[in-house]
Amino acid sequence: MNEAILKMYEREPKNWYMKIAIALLVVGLLAWSLSAVQSGNDTGEGIKIAGKIVNGIFHPDTKLLFDFTTSGVAYLLLETLCIAFLGTIVGAVLSVPLSFFAAFNLMPKPVALLFRVLIMAIRTIPAFVYGLMFIRVTGPGAFAGLLTMSLCSIGMISKMFIESIENLDIKILESLDAAGCTMFQKIRYGILPQLFPDFMSTLIYRFDMNLRDATVLGLVGAGGIGAPLIFAMSAYKWNQVGAILVGLVVLILIIEVISSKIRTRLISG
Amino acid sequence: MEFYDKVWKPQKLVLSNGKVVEEKRSRTPVILLLFIAATYLSVRITGFSFYTIMERGSQFFVILRQMLSPDFSYLGSIWKPLLDTIKMSLLGSFLGSILAVPFAILASYNLVKNKVVLAVVRVFLSIVRTIPTLVTALLATYIWGLGTMAGTFAITVFTFSYVGKQLYEMIETVDMGAYEAMEAIGAGRAYAFLSAILPQVLPGYLSVSLFCFEGNVRYAAILGYVGAGGLGLILNEKIGWREYDSVGMILLVLFGTVLLIETISHAIRKKLM
């Protein structure tokens, strides 16, 4: 073989002990986590149930699917869509001040750190706990779901907002300053055009996710399509489960296609 | 959008050198109108009212205040479910990320030339991605019974769909030069993939998998609510008994764990990039 190639091979970093250590660590962690796999009833009944589930999903209850009254799939999907939409907006309204306070380039370090911990704490509380809290405020229903959704969105939305804020190009502000712009003009022409596409893109993405997570709300009776879905599941009505799932999957796919189109347009300008 | 330009004709501007340029009318009014209509509809359907929030908003803090004084004596019985949750997410993330690799390869248009295979695998991936994780977990509890197995399965499925999509997007943006050169000098496609494409996507792949693991730890706590094992199980129990000080303790432990895992994984991901 060519001598130059051999020389390059020799210069390759020899960190095999590091690699072995990492491999051992990963294998060890896996072996440790394998102990979590204990199934409740391994009597072979699982396969029968799985068959029933799959059968139900492929034979959806068409009466429920094409029922256009308030208990039909179409209306429930519309309600879910509305919960996700308003939830995202309210979440965004709450996130904007939080993320400005948590940006390291605008606030002193301790303040920003404090707000970051606050955002993380908001993110840690699971959705159904929020759901329970809000049901005390509004009673069960879509309104509670909306408020839950908005609090759950804060974590991710403000994380992305903070990133956009910290990537702000300060030079534009300086040149506007030099041109003698007022504070309002600086915000209108220097900051908003930079932040707006990023913010919108984040919100559309989050709307997508909220639509997907809306089933969690059904657990605590906070409106949307989650509750009927979970009722149908616990009553073993697999045809109804199938109908609801088909509706949900189609809706999410449509929204995903539209939102990814809008997002690519936003990013490419 | 072309229709829009026909109804509202573009504005004609004459520049100082005599040239005429057209500026298309702004789309903002239409978008704003649609937005307001959607908001109005949503407010009507969900029954949103500021009045209720003002009036009864304080009720929100009743449970929160009880949670803010966590019951430290309960700490002892949290460890096992917490470890279960971590194990579930670790195993699920690992299996899901591994499973995602072959599917991601089959879904990348620069490696697979067969359009039918591409379409089938992609549709499969997006359908799996749309099924809510909670539903997967609930279905899994019917098959494997209540326990961590169901949770692990749900996390595996979620990780599979998420990592799968990210990975095929990564593979598609890879520099194909090295791969083509290796094929040209007679290397098999598998060998060319291993030594030309894998090194390019490996850091990104590991990073996405770790990111997924971070999220899964938090998500696994919710899964317990449907009986899929872990922290959610005791969380559900304590909420049922209205022992909110214990709930607060569970959430505090979860917060600490997530913070720790995120810090470690963040450090590793920074090194990978």
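This is a predicted model: local features need pLDDT of at least 70, side-chain atom pairs count only at pLDDT 80 or more; totals for chains, interfaces and linings use all residues.
**Helix 3 of chain A and helix 7 of chain B**

Two packed helices are described by the angle between their axes and the distance between the axes. For helix 3 of chain A and helix 7 of chain B, which spans residues 133–144, the axes come within 7 Å and cross at roughly 140 degrees. Angles over 145 degrees count as roughly antiparallel and those from 65 to 115 as roughly perpendicular, and the two helices are therefore oblique to each other. The residues that make this contact are listed below by helix.

| Helix | Residues in the contact |
|---|---|
| Helix 3 of chain A | A:G46, A:I49, A:A50 and A:I53 |
| Helix 7 of chain B | B:L139, B:Y142, B:I143 and B:W144 |

By class, seven of these residues are nonpolar, one is polar and none is charged.

**Helix 11 of chain A**

Helix 7 of chain B also takes part in the packing around helix 11 of chain A. Helix 11 of chain A covers residues 226–234 and is mostly covered, with seven of its nine residues buried. The buried residues are A:G226, A:A227, A:P228, A:L229, A:I230, A:A232 and A:M233. Within chain A, they pack against helix 5 (73–101), helix 10 (183–218) and helix 12 (238–268). Just after helix 11 of chain A comes A:Y236, which has a positive phi of about 60 degrees.

**A loop residue, A:V37**

A:V37 sits in the loop that runs between helix 2 (16–34) and helix 3 (45–58) of chain A. Is A:V37 buried or partly exposed? A residue needs 20 or more C-beta neighbours within 10 Å to count as buried, and 12 or fewer to count as exposed. A:V37 has 16 such neighbours, so A:V37 counts as partly exposed.

Which residues does A:V37 contact, leaving aside its neighbours within four places in sequence? They are B:L91, B:T148, B:M149 and B:T152. Within chain A, A:V37 and A:L113 are 76 residues apart in sequence, and their C-alpha atoms are 38 Å apart in space.

**Domains of chain B**

The domain assignment divides chain B into domain 1 (2–48) and domain 2 (72–272). The C-alpha centres of these two domains of chain B lie 42 Å apart.

Note on methods:
Residues are numbered from 1 along each chain as its sequence is written. Chains are lettered from A and ligands numbered from 1 in the order in which they are written. Helices (H or I, at least four residues) and strands (E, at least two) are DSSP runs, numbered from the N terminus. Two residues are in contact if their C-beta atoms, placed from the backbone, lie within 7 Å. Domain bounds come from an automatic or database domain assignment. Axes are lines fitted to C-alpha atoms, for helices over the stretch in contact, and angles run from 0 to 180 degrees between N-to-C directions. Angles under 35 degrees count as roughly parallel, over 145 as roughly antiparallel, 65 to 115 as roughly perpendicular and the rest as oblique. Ala, Val, Leu, Ile, Met, Phe, Trp, Tyr, Cys and Pro count as nonpolar, Asp, Glu, Lys and Arg as charged, and the others, Gly among them, as polar.
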